[in-house]
Amino acid sequence: MNAPALRRALTRTSTVAALTGLLALGLAACGDSEEESKGTESQTRTFEADNGEIEIPASPERVVATGYAVPVLIESGADLVGISQWSRGTALMDADDLATYEELEKVAGESAAETNYEAIAGLRPDLIVIGVPAPALVDVDMDRLEDIAPVVVLGPAAPDGWRELAERQADAAGATEGFEATKAAYEERAAELSEKYGEVLADLDFGHVGAYGDVSAGTFHREYAGSWGTNIAGDLGVQYYGEPSEPGEGAEAVTEYPSIEELPEKLGEADVITYTVGPDGKPDDAVQYVLDHKLWQNLPAVKADRAFGVRYTEAATFASAIKTLDSLDAALEPLLP
């Protein structure tokens with residue numbers, strides 16, 4: 001009971017009336033507490049995740065994120081208190097997002113096996129978003145995490161699945177508004193480039209050399225439509241032809257690792273070839289191995305000076321993919337009449 005109410009009760013002329021007033025106020029307070037408790041309990045929702053239907057806070061306030069969820073939730077402005085390491089994506093972050101990444105406590109390493117459960121528990125999260133591929137979950141002690149907070153597993157299954165994945169991750173973390181803003185900016189830039197290059201791209205077949213070949217094994221990384229290095233280019237009208245010799249599930253449906261001797265067979269029909277380079281514009285060893293090979297020099301697209309390096313092909317969020325679009329714009333400029 002607050003002080004004014006107490007004073008009013010004590011000034012009543014009847015002791016019985018005073019007691020009655022106190023009792024009534026006490027019952028009202030109890031009623032208010034019960035209603036508040038019910039309201040708090042009802043502020044949850046059922047979320048469909050890779051690990052089933054999970055009851056999560058409707059508006060999470062202390063979120064821990066790992067894996068692919070890290071850059072998405074930073075860009076979307078989620079209420080993060082801890083994250084895993086994600087050094088592979090720091091070159092794709094703008095200054096503000098990078099500052100946020102560096103400031104947040106790191107509760108796991110680059111791999112799922114490097115999870116610090118004590119550190120996560122110490123942050124008292126009300127939601128944990130695990131953004132690793134399903135095979136990596138064998139390295140995560142889900143029981144320990146679930147004892148700390150509700151756990152939502154939302155990991156990638158295919159290279160081009162990051163769009164839907166990012167949206168679901170942001171939704172789970174209560175950061176849809178921020179996510180929609182980055183998505184809108186990306187779509188605006190993609191539409192601009194689609195209009196700019198639409199006519200010239202319509203009649204061209206592209207091929208792509210990715211960054212995951214194995215020099216020691218004499219293989220290179222051939223990526224098709226929908227793969228890591230090609231899916232963003234597809235949003236502005238680039239057409240990557242062909243498919244793997246033996247398509248599989250997930251990434252194996254859009255990528256393969258042929259021997260270097262198969263360069264003419266795998267890329268000989270390409271009118272234009274793109275290849276992955278680092279943020280500094282330089283190819284890594286696996287790509288340089290291809291560029292230095294005599295069979296590469298004899299490809300029709302290479303002879304026609306239509307082989308272009310593209311930066312930031314590993315982008316897997318809308319904000320970072322804008323950098324990929326900008327790189328594609330610079331790379332494809334020579335195709336314009």
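**Close-up views of a predicted model**

**View 1. Strand E11 is largely enclosed by the rest of the structure, because five of its five residues are buried.** The strand covers residues 272–276, and the model shown here and in the other views is predicted. Val 272, Thr 274 and Thr 276 point one way from E11, while Ile 273 and Tyr 275 point the other way. In a regular strand, side chains alternate between the two faces of the sheet. Residues pointing either way from E11 are buried.

**View 2. E11 pairs with strands E8 and E12.** The pairing of E8 with E11 is parallel and runs over four bridges. Within it, Phe 206 has Val 272 of E11 as its bridge partner. Strand E12 (residues 307–310) also pairs with E11 in the parallel sense, over four bridges.

**View 3. Helix H8 has a kink of about 40°.** The helix spans residues 176–201, and the kink is centred on Glu 195. Its buried residues are Phe 179, Thr 182, Tyr 186, Arg 189, Ala 190, Leu 193, Tyr 197 and Leu 201. An α-helix has 3.6 residues a turn, so residues three or four places apart point the same way. The buried residues of H8 pack against H3, H7, strand E8 (206–210), helix H9 (231–234) and H14.

**View 4. Thr 324 is a buried residue of helix H14.** The helix runs over residues 318–332. Thr 324 has a relative accessibility of 2%, and it counts as buried because buried means under 20%. Leaving out residues up to four places away in sequence, Thr 324 touches Ile 232, Arg 311, Tyr 312, Thr 313 and Ala 315. H14 is also one of the elements that the buried residues of H8 pack against.

**View 5. The largest pocket has a volume of about 560 Å³.** Its lining is made up of 29 residues. Tyr 68, Arg 88, Pro 156, Trp 228 and Ala 316 are the lining residues that lie nearest the centre of the pocket. By type, the lining divides into 19 nonpolar, seven polar and three charged residues. Helix H3 (69–76) and helix H7 (162–172) each supply at least two residues of this lining. H3 and H7 are also among the elements packed against by the buried residues of H8.

Technical notes:
Residues numbered from 1 in each chain as written. Predicted model: local features only at pLDDT ≥ 70, side-chain atom pairs only at ≥ 80, totals over all residues. Heavy atoms only, no water. 1 Å grid on protein atoms, 1.4 Å probe; cavity = no way out; pocket = protein on both sides within 12 Å on 5 of 7 lines; lining within 4 Å. Points joined across faces, edges and corners; volume = space filled by probe spheres on them. Nonpolar A, V, L, I, M, F, W, Y, C, P; charged D, E, K, R; others polar. Buried < 20%, exposed > 50% of the residue type's maximum accessible area, 1.4 Å probe, protein only. Contact = heavy atoms within 4.5 Å. Bend = angle between axes of the 7 residues up to and from the residue. Pairing = 2+ DSSP bridges.
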